[in-house]
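Subject: Structure for your files, with notes

Hello,

Please find the structure below.

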Amino acid sequence: MKLYGTTTSPFVRRVRIVAQEVGVTVARIDTATEAGQAELREVTPIRRVPIAVIDGRTLFDSRAIIDWLTTTRGYGEIAPPRDRWREGNLLNAIDAALDSVIQLFYLRRDGVAIDGTPFATRQLERADAIFAWLGAQPGLGMQFGLAELSLICALDWMDFRNTYPTERAASVAHLRIAFADHPSVLATKPHA
Ligand SMILES: N[C@@H](CCC(=O)N[C@@H](CS)C(=O)NCC(=O)O)C(=O)O
């Protein structure tokens, strides 16, 4: 699979974890470079990673790529969802926390004095609420499923980029510890 993305993005990382788990080799186009960005813009108008080219298809968005991988290759050792609507809620919540914190990251990186503003407070409080809610979901963290691995990617990225103090997400901390030694988790840790 050709995968457009970086070694830092939590959305790219979840695809890399699933690819490793289901035995699909990844040839990564590094979109952290100007050349990689130029290539990315040729395949998608969205200008976000990950994008995958696999089985003659070009797929936008981590959720679509993961859907393709699990539909065509199975789940490997990943626990398949017992209730896909419940899993959809978990993943949508994780994505909402990430999207909120990522917006702050980009604004800070572009020099916008965002910290301490009502907007920033709202984004961080949304992440607080989501992590508290996730921590109260029965069964979350009992097995290595898509919600668990996506949550690990989100929290690791927040620590890596210092964008959200993950000690505020104490109710899901156990989950990160439980799967920290998983080979696909270890092999994909964010790095510059
Ligand atoms: N819903 C998308 C989100 C992807 C996303 O936000 N990717 C970030 C990197 S972590 C990105 O490419 N951002 C570039 C930008 O917004 O300009 C997915 O799940 O793939």
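**Notes on the model**

Asparagine 162 is exposed, with a relative accessible area of 69%; here buried means under 20% relative accessible area, exposed over 50%, and partly exposed in between, using a 1.4 Å probe and protein chains only. This is a predicted model, in which local features need pLDDT of at least 70 and side-chain atom pairs count only at pLDDT 80 or more, while totals for chains, interfaces and linings use all residues. Residues are numbered from 1 along each chain as its sequence is written, and side-chain values use heavy atoms, with hydrogens and water left out.

**Backbone points**

Asparagine 162 has a positive phi of about 55° although it is not a glycine. Its place is the loop between H6 and helix H7 (173-178); helices (H or I, at least four residues) and strands (E, at least two) are DSSP runs, numbered from the N terminus. Aspartate 55, also not a glycine, has a positive phi of about 55°. Aspartate 55 sits in the loop between E3 and strand E4 (57-60) and is partly exposed, at 44% relative accessible area.

Valine 49 and proline 50 are joined by a cis peptide bond, with omega about 10°. Proline 50 is in the loop between H2 and E3. Threonine 44 lies in the loop between H2 and strand E3 (51-54) and is buried, at 2% relative accessibility. The side chain of threonine 44 reaches the backbone nitrogen of isoleucine 46 at 2.9 Å. Not counting residues up to four places away in sequence, threonine 44 touches Ile51 and Phe60, where contact means heavy atoms within 4.5 Å.

**Domains**

The protein chain is divided into domain 1 (2-73) and domain 2 (84-184); these bounds come from an automatic or database domain assignment. The C-alpha centres of the two domains lie 21 Å apart. Across the boundary, 11 residues of domain 1 are in contact with 22 residues of domain 2.

**Pockets**

A pocket is found on a 1 Å grid over the protein atoms alone: it is an open set of points where a 1.4 Å probe fits, with protein on both sides within 12 Å along at least five of seven lines, and lining residues have an atom within 4 Å of a point. Grid points are joined across faces, edges and corners, and a volume is the space filled by probe spheres set on the points.

The largest pocket has a volume of about 870 Å³. Its lining has 29 residues, of which Arg47, Arg48, Val49, Ile102 and Tyr106 lie nearest the centre. H4 gives the largest share, 8 residues. By class, the lining of the largest pocket has 14 nonpolar, 7 polar and 8 charged residues; Ala, Val, Leu, Ile, Met, Phe, Trp, Tyr, Cys and Pro count as nonpolar, Asp, Glu, Lys and Arg as charged, and the others, Gly among them, as polar. Domain 1 and domain 2 each give at least three residues to the lining of the largest pocket.

The second largest pocket has a volume of about 330 Å³. It is lined by 14 residues, and Arg63, Asp67, Glu87, Leu91 and Leu146 lie nearest its centre. Helix H3 (62-73), H4 and H6 are the elements that give two or more residues to this lining. H4 gives the most, with 5 residues. The classes here are 6 nonpolar, 3 polar and 5 charged residues. At least three residues of the lining of the second largest pocket come from each of domain 1 and domain 2.

Glutamine 123 lies in helix H5 and counts as buried, at 4% relative accessibility. The side chain of glutamine 123 makes a polar contact with the side chain of arginine 126 at 3.0 Å. A polar contact is a pair of N or O atoms within 3.5 Å; within protein, one must be able to donate a hydrogen and the other to accept it, and residues adjacent in sequence count only if both atoms are side-chain atoms. Leaving aside neighbours within four places in sequence, glutamine 123 is in contact with Ser100 and Leu104.

Tryptophan 133 also lies in helix H5 and is partly exposed, at 36% relative accessibility. With neighbours within four places in sequence left aside, tryptophan 133 is in contact with Asn89, Leu90 and Ala93. Tryptophan 133 and valine 172 are 39 residues apart in sequence and 9.5 Å apart in space, C-alpha to C-alpha.

Glycine 141 is in the loop between helix H5 (118-135) and H6. Glycine 141 is buried, with a relative accessible area of 14%. Beyond its neighbours within four places in sequence, glycine 141 is in contact with Glu148, Leu175 and Phe179. Glycine 141 and alanine 178 are 37 residues apart in sequence, and their C-alpha atoms are 7.7 Å apart in space.

Regards
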